[in-house]
Every structure is written in C-alpha cells, then in structure tokens.
Number of protein chains: 2
Amino acid sequence: MKSPQEVFADYLAGKNLKTTPQRRLILDTLLKQGGHLSSEELYAKVKKRDSSIGQATVYRTLKLLNESGLIEPLDFADGVTRYEPSYGEEHHDHLICERCGNNIEILDKTIENRQEELAKEHGFTLVRHKMYLYGVCPECRKKKG
Amino acid sequence: MKSPQEVFADYLAGKNLKTTPQRRLILDTLLKQGGHLSSEELYAKVKKRDSSIGQATVYRTLKLLNESGLIEPLDFADGVTRYEPSYGEEHHDHLICERCGNNIEILDKTIENRQEELAKEHGFTLVRHKMYLYGVCPECRKKKG
DNA sequence: GTCGATGCAAATGTTTTGCAGAGAG
DNA sequence: CTCTCTGCAAAACATTTGCATCGAC
C-alpha cells in the first residue's frame, strides 16, 4: 500500500501540480495530529513549524488533500469544517455529545448496508454519506439532568 | 394538537418574548412554502409581503423557530443552511443528488432503530441525528457516466 | 525558463451584533 | 410604561481570490 505522501505526490503529479515543502508540511502535520482539526487549528500547528506559511495555503492544500482522497471533511454543526485523515482508515460515523463536544467514532454494518439498499431503491448510485448522532454522553448526564 | 402558530406563541410567551407581526409573517411564509428554504430565499419571499422587513429579523426568527421545535436546520453541504418545517411531521433524512441537487426524503425504521441502539451501547442518550446520503440520481446517471 | 505555488491583503458570502427608535404586553 | 423587537449598517466569521513574487520541475 502506498504511503499517504506517495498518494498525494501522485495525485499532484497527475494534475501537473507541484509537490512543495508547504504541502508536504501540511499533510505531515495533519497526519501526526490525527483527529478532527479545523483549518484554523491546523494553521496554528503548521505555523509553529514554519512561521512564514499563509492561511490561504492551508485552505488550498486542504482542498487538494480532500480531492486526493486522503482526508474527509466533517461537519459537527459548530460553524467550522473539520478534517480527518481517511486514507487507509475504515469509514466511520460520529456520535457527538451536545454538552461537552466529545465525540466517538462509530461503525455499524447494519446501517451501512441499509443505506446502500435505500439508495438503490430510489435508483440512486450511492457515492458517500454522512451520519451524525447527537446526544448526551454518560459523564454529562451524571452531572445534570 | 396545537397549531404551529400556537406552539410558537406559547414558546415566546414562556420566555417572555413577544409575538410580533414580523415573526408571524416569517413562520407563515415558511409553512406555506414548505420545502428547504435558505434564510436568503425566505427573506426574499417574506419581503414580497412586507418590503420593510430586515434580513436580521429573518435570521433571528429562524433561530427562535428552531429552538421552539418548529423547524429543522439542514446541511446539504453547499454553504448555506436550509430549514424545513418539522412540527407534526414525521422525522426523515435526505437522499441528495450530487449532480443536480435534487433531493428525496427518506425514512427507514431499521436505521432509526440501530441508531438508537448504537447510542445506547456507548451510554449516550440520543437526542437527534442527521443522515445524508449523497449519490447520483437516475436521470443524471443516464445523461453521463 | 515556465508555469504553478505562495503570502499577503482585499474580497466574498453568510450570519451576528450594536444601536436608536418603534411597538407588544 | 417597560422591555423587547426591529431595521439598518457595521461587524464578525470562515473561506476564497487577485496579484506580484518565488520556486519546483
């Protein structure tokens, strides 16, 4: 299996785009960090390693990484788009606590299968899906309510 | 069952807020229109009936309507938040065509039940969920690819 | 060298907020 | 009468874009 770095380089090369130090640094930081970073948060982290980097480059690179299939945008309904590394990772959805923002990755074959069937029943070819479960986690429930 | 207008009036009264002509007009327009309106689109429709109304009032009222449980925000991943009337309506999810933007409302008990179970398995109390299936509709598939 | 990439600042698009006057309870 | 509401314009956000310069290939 190719490394994410290779995948990115190949994607760029295939579109006559260039592999620059900034792009490498951004991918590298994102992979090391993992998790669910917003562009802003990623920018801050990247800036620590190269203070001359610009915000726009981070946004532009995130777009490329998404197109190359290396990362996935997430929407936790708080106004910012977050990203998570998705290359080589099994797909999963998110269970989010509405009180503390904590979130757990979930995966359920029953649901995945039904989604595929449902799309088919309507004649659709399913490309991707997003599922977010919002609730209250055990810790927050104990605290109040 | 209470009418949406009553629900809204009760919600406002309960918070010592006021039932104004603007708020009534916005709710009324939204209900008559149904569907998946963005704030911008709703503002345009409302303005036809009362040209003196302001954008901000529409945003503020949408927030109140959401809190009162009358409408539901939707995210079709196109940068704008849309709203749909949800009071007295059975919950449903959305199957969206990535090419033409057309979308179909779907509901599946198997999935709904599994979601509830999944949350429970992690100790969460499920409050709500969002599921979007993105694909290509039959018409668009015929046209190309 | 050439053409894409970068950093900066300005622009964009959506949503929020401050404020002074208007109006519901 | 008292607070909340409204419209307006300005502000606040996240994100995108134009441009001159820089640098990967």
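How many Å separate the centres of domain 1 of chain A and domain 2 of chain A, taken over C-alpha atoms? The answer is 25 Å, and I'll come back to those two domains in a moment.

Hi everyone, some ground rules before the tour. This is a predicted model, where local features need pLDDT of at least 70 and side-chain atom pairs count only at pLDDT 80 or more, while totals for chains, interfaces and linings use all residues. Residues are numbered from 1 along each chain as its sequence is written, chains are lettered from A and ligands numbered from 1 in the order in which they are written, and side-chain values use heavy atoms, with hydrogens and water left out.

Let's start with chain A. Chain A has six helices and six strands; helices (H or I, at least four residues) and strands (E, at least two) are DSSP runs, numbered from the N terminus. Going from the N terminus on, the order is α-α-β-α-α-β-β-β-β-α-β-α. Along the principal axes, the C-alpha atoms of chain A fill a box of roughly 50 × 45 × 25 Å.

Now the domains. Chain A is assigned domain 1 (4-85) and domain 2 (93-142), with bounds that come from an automatic or database domain assignment. Seven residues of domain 1 of chain A are in contact with seven residues of domain 2 of chain A, where contact means heavy atoms within 4.5 Å. About 560 Å² is buried between domain 1 and domain 2 of chain A, and carbon and sulfur atoms give 50% of that. Buried area here is the accessible area (1.4 Å probe) that two parts lose on being put together, summed over both. On the domain 1 side, His36(A), Asp75(A) and Phe76(A) lose the most area to domain 2 of chain A, together 65% of what that side buries.

Over to chain B, where three strands form an open, antiparallel sheet in the order E1-E3-E2; two strands pair if DSSP finds at least two bridges between them. Its edge strands, E1 (37-38) and E2 (71-75) of chain B, each pair on one side only. E1(B) is joined to strand E3 (residues 81-85) of chain B by two bridges, running antiparallel, and Ser38(B) stands opposite Arg82(B) in E3(B).

His36(B) sits in the loop between helix H2 (21-33) and E1 of chain B. Its side chain makes a polar contact with the side chain of Asn103(B) at 3.5 Å.

Finally, the two chains together. Here 32 residues of chain B are in contact with 32 residues of chain A. The area buried between chain B and chain A is about 3,100 Å², with 65% from carbon and sulfur atoms. Between chain B and chain A there are 16 residue pairs in polar contact, both at pLDDT 80 or more. E6(B) gives the largest share of the chain B side, twelve residues. Strand E6 (residues 125-136) of chain A and E6(B) pair in the antiparallel sense over eleven bridges, and Leu126(B) in E6(B) is the bridge partner of Gly135(A).

As for charges, the whole structure has 17 salt bridges over all chains, and the count between chain B and chain A is four. One of these salt bridges pairs Arg114(A) with Asp108(B), the closest N and O atoms being 2.4 Å apart. Another joins Glu98(A) to Arg128(B), with the closest N and O atoms 2.7 Å apart. Glu98(A) lies in the loop between strand E4 (93-97) and strand E5 (103-106) of chain A and Arg128(B) in strand E6 of chain B, so this pair joins two chains. Thanks, everyone!

Note on methods: Salt bridge = Lys/Arg side-chain N within 4 Å of Asp/Glu carboxyl O. Polar contact = N/O pair within 3.5 Å; in protein donor to acceptor, adjacent residues only side chain to side chain.
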